Amino acid sequence: GAYSDHGIDANGDGRYEILAVDVGVNIAERGKYTMTGDLYDLNKSEVAWSIDSINLEPGRRTMHLNFDGMTIQKHRANGPYILSNLSLWEGNWSIKDAKSYAYSTTAYNYSDFGD
């Protein structure tokens, strides 16, 4: 349930290559987990999608959805962006949790992003 977001400027050019959305999860059993999510603009148009797969131990953990900055920039819509269609899957693709609307990011300009 805990969410946060931030831009990542990996090459130091002043523009974000990635919009990272961190998602808190509470894991009951050790195993491999996969999270998927879609990013939408305020007009409900899909901007980008992301997936994260990781082996996790039981307890409160964080998974990371990294959305491509160039894809966001090419979409040409300012944020905040809406994280939707969030799904958490366990190793054999059995669904553990899903939310149609999960989180609204901080406001960003699409020009903040690039490659």
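This is a predicted model: local features need pLDDT of at least 70, side-chain atom pairs count only at pLDDT 80 or more; totals for chains, interfaces and linings use all residues.
Local features were required to have pLDDT of at least 70 and side-chain atom pairs pLDDT 80 or more, whereas totals for chains, interfaces and linings use all residues. Residues are numbered from 1 along each chain as its sequence is written, and side-chain values rest on heavy atoms, with hydrogens and water left out.

With neighbours within four places in sequence left aside, the contacts of Phe67 (heavy atoms within 4.5 Å) include Ile18, Leu19, Val21, Leu39, Trp49, Ile72 and Leu83.

Four aromatic pairs were found in a search of the whole structure; rings of Phe, Tyr and Trp (its six-membered ring) pair if their centres lie within 6.5 Å, with planes under 30 degrees apart counted as stacked, over 60 as edge-to-face and the rest as tilted. The pair Tyr3 and Tyr103 is stacked, because the ring centres are 5.3 Å apart and the planes lie at 15°. Tyr3 belongs to strand S1 (residues 3-8) and Tyr103 to strand S7, so this pair ties together parts that are 100 residues apart in sequence. Tyr103 has a relative accessible area of 15% and is therefore buried; buried means under 20% relative accessible area, exposed over 50%, and partly exposed in between (1.4 Å probe, protein chains only). One aromatic cluster is formed by Tyr16, Tyr108 and Phe113.

In the segment after S7 lies Thr105, which is buried at 6% relative accessibility. Apart from neighbours within four places in sequence, Thr105 contacts Asp5, Leu19, Val21, Leu39, Pro80 and Tyr81. Pro80 is located in the loop between helix H1 (69-75) and S6, and the peptide bond from Gly79 to Pro80 is cis, with omega near 20°. Arg76 is also placed in the loop between H1 and S6; this residue is exposed, at 55% relative accessible area, and has a positive phi near 60° although not a glycine. A positive phi, about 65°, is likewise found at the non-glycine residue Lys44, in the loop between S3 and S4, where Lys44 is exposed with a relative accessible area of 73%.

The largest pocket holds about 170 Å³ of space. On a 1 Å grid over the protein atoms alone, a pocket is an open set of points where a 1.4 Å probe fits, with protein on both sides within 12 Å along at least five of seven lines, and lining residues have an atom within 4 Å of a point. Thirteen residues line the pocket, with Gly24, Val25, Met35, Leu88 and Asp97 nearest its centre. Strand S2 (18-27), strand S6 (82-90) and strand S7 (94-104) each supply at least two lining residues, and S2 gives the most, with four.

Methods:
Grid points are joined across faces, edges and corners, and a volume is the space filled by probe spheres set on the points.
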